There are 4 protein chains.
Amino acid sequence: MSSLTEHPNRITGILTPNITPVDAEGRVDEERLREYVDWLIQRGVDGLYPNGSTGEFVRFTPQERRRIVQVVVDQTAGRVPVLAGAAEANVEETIAACHAYGAMGVRAVAVVAPFYYQLSSDAVHAYFTQIARSVDVDVTLYNIPMFASPIDVETVTRLALEQPRIIGIKDSSGDLPNMLRMMAAIRPQRADFSFLTGWDASLAPMLIAGIDGGTNATSGVVPELTRAIHRSVREGSIDRAMRQQYDLLALFDAMIGLGEFPDGFRAGARARGWNLGDGR
Amino acid sequence: MSSLTEHPNRITGILTPNITPVDAEGRVDEERLREYVDWLIQRGVDGLYPNGSTGEFVRFTPQERRRIVQVVVDQTAGRVPVLAGAAEANVEETIAACHAYGAMGVRAVAVVAPFYYQLSSDAVHAYFTQIARSVDVDVTLYNIPMFASPIDVETVTRLALEQPRIIGIKDSSGDLPNMLRMMAAIRPQRADFSFLTGWDASLAPMLIAGIDGGTNATSGVVPELTRAIHRSVREGSIDRAMRQQYDLLALFDAMIGLGEFPDGFRAGARARGWNLGDGR
Amino acid sequence: MSSLTEHPNRITGILTPNITPVDAEGRVDEERLREYVDWLIQRGVDGLYPNGSTGEFVRFTPQERRRIVQVVVDQTAGRVPVLAGAAEANVEETIAACHAYGAMGVRAVAVVAPFYYQLSSDAVHAYFTQIARSVDVDVTLYNIPMFASPIDVETVTRLALEQPRIIGIKDSSGDLPNMLRMMAAIRPQRADFSFLTGWDASLAPMLIAGIDGGTNATSGVVPELTRAIHRSVREGSIDRAMRQQYDLLALFDAMIGLGEFPDGFRAGARARGWNLGDGR
Amino acid sequence: MSSLTEHPNRITGILTPNITPVDAEGRVDEERLREYVDWLIQRGVDGLYPNGSTGEFVRFTPQERRRIVQVVVDQTAGRVPVLAGAAEANVEETIAACHAYGAMGVRAVAVVAPFYYQLSSDAVHAYFTQIARSVDVDVTLYNIPMFASPIDVETVTRLALEQPRIIGIKDSSGDLPNMLRMMAAIRPQRADFSFLTGWDASLAPMLIAGIDGGTNATSGVVPELTRAIHRSVREGSIDRAMRQQYDLLALFDAMIGLGEFPDGFRAGARARGWNLGDGR
């Protein structure tokens, strides 16, 4: 596709921001989580992404978040890479979480910009700079302006060119032109930098436009379909990819519109036979 | 591409929302307008679209708007179709403008939703219903939520299925998933309905996703490039289309970021040798 | 109250942005307009404000707007001042309207910032500067960021200090701290500058905070009540003003929530015995 | 003032959402916190509010948040009431924090609506209902739509009328008409319900309009001034209150505009001789 030649270090394909199974008392259901990870890998997902927004990371304690990643890494057992959500209450604790996840053997961590307070671009840049300089694990930026301080195109570009430890962006804004702007600015100088979309509604067009993959909530429900879209685009079957995208869009709209996020995705998983509990 | 089989009645390709040339006193420069129309057609645009946002329609008087369309229709002389912006101060005058432009021989009119007041979806639906029932010319909806009351996906769909006179949508929101939603809902029942984007920053991805064409301000400056993108996609040369899109995006960003819209596009035209004046 | 000593030139009290009566064919009903003006004056409004947002100025033609002001000025016959909405399609025509209304004898014109396009602060400043330098009539700025390009606090302050012809602001944002900021910046140097609110929901608090008056849609329905609030505050009866404000707020919420603006105010007028037609 | 007769149980006056002092290593500086609490009480604040947004509650760990409240309660020693911010990662932990703070002897807890995810009104209602039914301490709602899911007027009203444990609202939206709407709907049935504003820019107008008090970041820097405004309004000295409000507004604008929130308030405290550290 229209990306430059791919680089072997890039994170590619569809990584699942997995729902965190909980039992009737709301505790993390580790057994179910292990079974669910197996199912996702068997259905062809290219990676796991615990502690994402779909995984309701903010509703668990720091200790629970560590345990969730540990279980996913352990169960995955190297079959696919793990991208671990590592955002904590402040920069020091985020760095500590990065260390912990690095030691567990994750492929990379994903760090959302600070939320609650809306930070300026300079403060966002300073935050990620401090993290990148302090950790021994690869870092992906996680931009989700709906929920957290935005990481704008210029800031992503600065960070990509300044910090080799920052190796990709997961962008859930759904802004395709901004993806193009970032790829135009970064790829000529960082062939190893990955561009991943978290916005399922435009997955196929984003992939056709040359991004590397996606971290998509729908892949936790219909991993066969998101995989098929990625493979269709990779093979150059654009028409087929778009037909599949229409199916994905209908499913995504149904699940995103049901109750509070991510309730609809829990309901979707239930329709596939997975009782992952009611969430937090 | 992934659109259903094309329908001969659809408006396709790249139509130029042309800048309105003005002289040093700010009057419409008809001579220059005629020359500019010739140049655009010679450079391969698939249609003209006078009285769009790029044409600053709100800054001209009703009489001037009529004259602008008349000059463009006359000069075009049937070489390419004309899509005439027909929004006036209220529904009665908009209908009168539609009649006038229909009599001049335009292919269709384009009507933006009422602006200044932010209307509800029901009021927007009522507005376009009254127009569609009153006119003898084909109507395209013009959605530009940045500037006017939005025409949401459900309203577009209702209007498309209820009113045969409404034959397309020009969407300048840049929202690709919404384009997919509209195509999914409308195309199975209205094979003649056209989907056009006014957001140049995602022209190629939109075309690849199956829309019919665009009404893009950049086409008034680099008509060769927008034409090339459309032709690349039509031929299935996706990689080439995306490479061209990167060039278009850089030009679009430069022109949209210069002064007040559409000053940057006037500057762009000047760089191509066209002194179209300073605008209103 | 907490304003500095009042200046005799300031526009004070409650001016009614009057609904434009239309007949069954949608034409301006001049006879009804004259009767309505008389009723408003008899009920104690301190001024008339034709061609405001409540008067649906954008839905009438330039010729109709002129005629509306002429009728109001003629019928008012000097009993109360007239503030005439003078915004037209571009700066030249706005200036022409200002000239026309000045010649008719209005106390001042009110000019909204350009709408449809969202202009920068500098462009808004340039627009009003050109008007202020060109006209012989007093000008009030009309800030309504819901509908038009905002005129921010800094721009209002610059214009107030630079242009003696600009003699006030009608602010419909409802932002009370911004009112305080403007009064703090302008009053020490322009004792003649008027601050008027167009946001009925905070009329009494704004008046208590020291503004000069209001241009409030509710005053076209319950002129007795808006007058009473103004008089209560002027007399220092703060508790009474606040009790009256609760009544006004309930009426305002009911009318603003009914149909499309200003339908609810037409319905309110009907409840007072005024059939002003269905609007445009 | 224009409120109904005051009720002895209402929380009134100015409560300080205190900055959390930290040492050079970023640890909570308990000694400094105790000294600062003493100073604030000596300067006349009517209460303390640890773990507010100014206190950067989201940047501390659950354990640190408990300790901060414990220190403030201990040092306050009953001289003024304590309102403790009690929001945690999920509803169960928030309830546990409420229990803990109740046992410490706080006057009430303050709970912000869930943040990061933007919840619907129904989900916000369910969240607070569950808390109110589970705790033995009085609860105030904390509405700050800039940072967290909004608690809209209707939801506040429902909760106030359904849950006796919910005894007030701290509203940081600055929306004065919404305050009036809530007071109109709630006070006739809940004379004990408190209305507090967290938006310093309109403190005096809000108090004049009849609210009970404020939780204002500026009171941590200029407690004399915020106290003076409250006392001026209470005494009916409206002009004086407004003159003081202009002073407060200038200070507030300077501090809110400096760096990232709440950096400017730390700088303000430093100007008063308090080195509270650099924050998290």
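**Cavities and chain contacts**

Let's start inside chain B. B:Tyr49, B:Asn51, B:Phe57, B:Gly85, B:Ala86, B:Ala87, B:Ala110, B:Val111, B:Val112 and B:Tyr142 line the second largest cavity. A word on the model: it is predicted, so local features need pLDDT of at least 70 and side-chain atom pairs count only at pLDDT 80 or more, while totals for chains, interfaces and linings use all residues. Residues are numbered from 1 along each chain as its sequence is written, chains are lettered from A and ligands numbered from 1 in the order in which they are written, and side-chain values use heavy atoms, with hydrogens and water left out.

What counts as a cavity? On a 1 Å grid over the protein atoms alone, it is a set of points where a 1.4 Å probe fits but cannot get out, and lining residues have an atom within 4 Å of a point. Grid points are joined across faces, edges and corners, and the volume is the space filled by probe spheres set on the points.

Back to chain B. The volume of this second largest cavity is about 40 Å³. Strand β4 of chain B, residues 108-112, gives the largest share of the lining, three residues. Strands (E, at least two residues) and helices (H or I, at least four) are DSSP runs, numbered from the N terminus. The lining has eight nonpolar residues, two polar and no charged. Here Ala, Val, Leu, Ile, Met, Phe, Trp, Tyr, Cys and Pro are nonpolar, Asp, Glu, Lys and Arg are charged, and the others, Gly among them, are polar.

How many cavities of 30 Å³ or more are there in the whole structure? Two. The largest cavity has a volume of about 40 Å³. Its lining residues include D:Tyr49, D:Phe57 and D:Tyr142. That lining divides into seven nonpolar, two polar and no charged residues.

Next, the contacts, meaning heavy atoms within 4.5 Å. Chain A and chain D each put 26 residues into theirs. They bury about 2200 Å², with carbon and sulfur atoms giving 58%. On the chain A side, A:Tyr116, A:Tyr117 and A:Glu260 lose the most area, together 39% of what that side buries. Buried area is the accessible area (1.4 Å probe) that two parts lose on being put together, summed over both.

Chain D also meets chain C, with 21 residues from each.

Chains A and C have no contact, and their closest C-alpha atoms lie 21 Å apart. Chains B and D do not touch either, with nearest C-alpha atoms 21 Å apart.

Last, a local stop. D:Asp74 sits in helix α2 of chain D, residues 62-76. Buried or exposed? D:Asp74 is partly exposed, at 44% relative accessible area. Buried is under 20%, exposed over 50%, and partly exposed in between (1.4 Å probe, protein chains only).

Notes:
On a 1 Å grid over the protein atoms alone, a cavity is a set of points where a 1.4 Å probe fits but cannot get out, and a pocket is an open set with protein on both sides within 12 Å along at least five of seven lines; lining residues have an atom within 4 Å of a point.
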